[in-house]
Amino acid sequence: MSEGESEGDGRESTEPGTVYLVGSGPGDPDLMTVKAARLIESADVVLHDKLPGPEILGEIPEAKREDVGKRAGGEWTPQEYTNRRLVELAREGKSVVRLKGGDPFVFGRGGEEAEHLAEAGIPFEVVPGVTSAIAGPAVAGIPVTHRDHASSVSFVTGHEDPTKEESAVDWDALAATGGTIVVLMGVGKLPAYTAELRDAGLDGDTPVALVERATWPEMRVATGTLDTIVEVRDEAEIEPPAITVIGDVAATRDRVVEFLRNDRERGEEA
């Protein structure tokens, strides 16, 4: 008798459904991949947080959406719950989309979820998305690499696992490496890491840009330097989700913004 069958009750085991770890891109529905859109439409259940953005989430029928992001009272759904829920739904035979902003494997916990699904014997597929780490600066007129300014780029999280005893980000090494530093989810800790970079020897005049809600209708951009960007953030009231771009490429925006149409179509200058 196969596992899950009960003799005499007529029930048969159910093959597990597939979980799709899907990147929705930075938020503009037009920047979502064709495959992502197709899987969302055909899925039985979509587990999401707020990062895909209101336009994308608004197109998904409420009956098949489950919010595993921020909850009432400012609490966040624990990752352990999301992991368990993915397995539960798949074991019911459902096709499950785990929808993430940007790319699922760029600070999206997609790697953790993939490992958990594999350990539970659940088939899964990864559907890459346009990462906001590149798309966010790009739509603000900022290339993360540029032959004249930066031959390397480092992607850093500004929101590490709070259970860590100390940060895994070596700001001294980043300052010494040069090139572009892109910080995701780092608006709240901006004063801390800009100070770390200055202490590590990065010039206070280094250009910095903040891109809030990149490609969303309410996208905003604010620019300054390593010395001034915290004050700029506060005056412009920049809030998450936002991306911080540190390096000479951030000044490129000033040279192209007059002719840049991305944020004129979808948002306003801060």
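K35 is partly exposed, with a relative accessible area of 33%; the class covers values between buried (under 20%) and exposed (over 50%), computed with a 1.4 Å probe on protein chains only. The structure is a predicted model, in which local features need pLDDT of at least 70, side-chain atom pairs count only at pLDDT 80 or more, and totals for chains, interfaces and linings use all residues. Residues are numbered from 1 along each chain as its sequence is written, and side-chain values use heavy atoms, with hydrogens and water left out.

The side chain of K35 forms a salt bridge with that of E125 at 2.4 Å, N to O. A salt bridge here is a side-chain nitrogen of Lys or Arg within 4 Å of a carboxyl oxygen of Asp or Glu. K35 belongs to helix α1 (residues 34-42) and E125 to strand β5, so the pair ties together parts that are 90 residues apart in sequence. Helices (H or I, at least four residues) and strands (E, at least two) are DSSP runs, numbered from the N terminus. E125 is partly exposed, at 28% relative accessible area.

The whole structure holds eleven salt bridges. Side chains of opposite charge can pair when their charged atoms come close. E113 and R98 meet at 3.2 Å, N to O. E113 lies in helix α4 (residues 110-119) and R98 in strand β4, so this pair links parts that are 15 residues apart in sequence. Both E113 and R98 are buried. E92 and K94 form another salt bridge, with their closest N and O atoms 2.8 Å apart. E92 is partly exposed at 46%, and K94 is partly exposed at 27%. A network of salt bridges links E66, R85 and E88.

Strand β5 is part of an open sheet of five strands in the order β3-β2-β4-β1-β5, with parallel pairing. β3 (65-67) and β5 (124-127) each have a single partner strand, so one side of each edge strand is left without a neighbour in the sheet. On average, neighbouring strands of this sheet are turned by 20° against each other, direction ignored. For such angles, axes are lines fitted to C-alpha atoms, for helices over the stretch in contact, and angles run from 0 to 180 degrees between N-to-C directions. Two strands pair if DSSP finds at least two bridges between them.

Within this sheet, β1 (residues 19-23) and β4 (residues 96-100) run parallel and are joined by five bridges. Y20 stands opposite V97 of β4. β4 also pairs in parallel with β2, over four bridges, and V46 stands opposite V97 there. Three bridges connect β2 to β3, again in the parallel sense. The bridge partner of V46 in β3 is R65. Strand β2 (residues 45-48) is covered on both faces: V45 and L47 are buried on one side, V46 and H48 on the other.

A second open sheet of five strands has the order β6-β7-β10-β8-β9 and mixed pairing. Its edge strands, β6 (153-157) and β9 (220-225), each pair on one side only. β8 and β10 (residues 242-246) are antiparallel, with five bridges. V208 has I246 of β10 as its bridge partner.

G204 lies in the loop between α7 and β8 (207-212). G204 is buried, with a relative accessible area of 14%. Its C-alpha atom is 4.9 Å from that of L226, 22 residues apart along the chain. R233, in helix α8 (residues 229-236), is buried at 13% relative accessibility.

Six of the eight residues of helix α5 (residues 132-139) are buried, so this helix is largely enclosed by the rest of the structure. The buried residues are S132, A133, A135, G136, P137 and V139. T131 caps the N-terminal end of α5, with a side-chain oxygen 3.2 Å from the backbone nitrogen of A133. Just after α5, G141 takes a positive phi of about 85°.

M185 sits in the loop between β7 (180-184) and α7 (190-199). M185 is partly exposed, at 37% relative accessible area. With F107, I134 and F155, M185 forms a nonpolar surface patch of about 340 Å² accessible area together. Patches consist of residues with over 30% relative accessible area and no salt bridge, with like charges joined within 9 Å and nonpolar side chains (Val, Leu, Ile, Met, Phe, Trp, Tyr) within 5 Å. Accessible areas come from the Shrake-Rupley method with a 1.4 Å probe; for residues, only the protein chains shown count as cover.

How values were computed:
A polar contact is a pair of N or O atoms within 3.5 Å; within protein, one must be able to donate a hydrogen and the other to accept it, and residues adjacent in sequence count only if both atoms are side-chain atoms.
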